[in-house]
Amino acid sequence: MNAPTDTSDVGSEQTESEQEGATVRRGAFPPASPESRSIRYKRETPSRLDRILDSIAHGCIMVAGVLLVLLIITFGWLVFGRYVLNDTPTWVEQTALLSVAYITFLGAAAGVRHNSHLSIDLLRDNMPAPIKGLMHYLADLFVVAFGGFMAWQGWQLMMTNLARPIPMLGLSESWRAAPLAICGALMVLFAVANIVKRLGGRHNPTQED
């Protein structure tokens, strides 16, 4: 005759194991301290300057997008006028050239802010951390130099072409040189902001690497 088995200890062990499994499945962890929450909040919250620069870059993209839509509409009107109305609008070509200039240069300026320009990172990524950081600084300094030269030359073109009209449009040729100056100034602004953030240790490595 078998002796009765005490199942109370077994049941309690099973209950504890089930509770631990449920805790793991729910992903329950000890609550974070207020200090860790505040540090994480500071790291994830962009500064006021970052929000302003992001707004400027977003505005460049919005303007470029609107101009791209207008460019498509003007070419549609060109086709309609040429083949349907038998009256080719002569202003479309110059309008398209002017729109493409603004779309290109505004998009290039926003690309510096969002770090979306094409780059070859194979050599830099295989370097030690100090050299890798130095190459980041050098890249930003090259952008600052190039953007400053573009802004200066664009401004010179604007000043020397104030009295020259764009054919078929009647606008000043300065409107064609304006995106050079705007793009150069924004490239300098965004690149300097990247350098300042990196010096302060607040750059986002996921965007750069």
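The paragraphs below lead through this predicted model, from its overall build to its helices, cysteines, salt bridges and surface.

Because the model is predicted, local features are described where pLDDT is at least 70 and side-chain atom pairs count only at pLDDT 80 or more, while totals for chains, interfaces and linings use all residues. Residues are numbered from 1 along each chain as its sequence is written, and side-chain values use heavy atoms, with hydrogens and water left out.

The secondary structure of the chain comes to eight helices and zero strands, where helices (H or I, at least four residues) and strands (E, at least two) are DSSP runs numbered from the N terminus. Read from that end, the elements follow one another as α-α-α-α-α-α-α-α. Of the 209 residues, 28% count as buried; buried means under 20% relative accessible area, exposed means over 50%, and partly exposed lies in between, as judged with a 1.4 Å probe and protein chains only. The chain exposes about 14700 Å², and carbon and sulfur atoms supply 66% of that area, which is computed by the Shrake-Rupley method with a 1.4 Å probe, with only the protein chains shown counting as cover for residues. A contact means heavy atoms within 4.5 Å, and among contacts between residues at least 6 apart in sequence, 69% join residues at least 24 apart.

The buried residues of α3 are D50, L53, A57, C60, A64, L67, L71, T74, L78 and G81. An α-helix has 3.6 residues a turn, so residues three or four places apart point the same way. The buried residues of α3 pack against α4 and against α7, which runs over 174–199.

Helix α4 has 23 residues and reaches 32 Å from its first C-alpha to its last, close to the 33 Å expected at 1.5 Å a residue. After α4 comes N115, whose phi is positive, near 55 degrees. Q94 has its place in α4, which covers residues 92–114, and Q94 counts as buried because its relative accessibility is 14%. Leaving aside neighbours within four places in sequence, Q94 is in contact with I166, P167, M168, L169 and R176.

What of the cysteines? A disulfide is a pair of cysteine sulfur atoms within 2.5 Å, and by this rule the count comes to zero. C60 is in no disulfide, the nearest cysteine sulfur being that of C183 at 8.4 Å; this distance is too far for a bond. C60 is buried, with a relative accessible area of 7%, and C183 counts as buried at 0%.

Charged side chains form another set of links. Side chains of opposite charge can pair when their charged atoms come close. The structure holds five salt bridges, each of them a side-chain nitrogen of Lys or Arg within 4 Å of a carboxyl oxygen of Asp or Glu. In one of them R113 pairs with D50, with the closest N and O atoms 3.4 Å apart; R113 lies in helix α4 and D50 in helix α3, so the pair ties together parts that are 63 residues apart in sequence. R113 is buried at 8% relative accessible area, and D50 is buried at 7%. R113 also meets D54 in a salt bridge (2.9 Å, N to O), and this pair again links α3 with α4, across 59 residues. D54 counts as partly exposed at 32% relative accessibility. A further salt bridge joins R176 and E173, whose closest N and O atoms are 3.0 Å apart; R176 is partly exposed at 25%, while E173 is buried at 13%. Salt bridges that share partners join D50, D54, R113 and K197 into one network.

W77, V79, F80, Y83, V84, L85, W91 and M168 form a nonpolar patch with about 870 Å² of accessible area together. Patches are made of residues with over 30% relative accessible area and no salt bridge, with like charges joined within 9 Å and nonpolar side chains (Val, Leu, Ile, Met, Phe, Trp, Tyr) within 5 Å. Among the patch members, L85 is found in the loop between α3 and α4, and L85 is partly exposed, with a relative accessible area of 46%.

How values were computed
Expected span 1.5 Å × (residues − 1).
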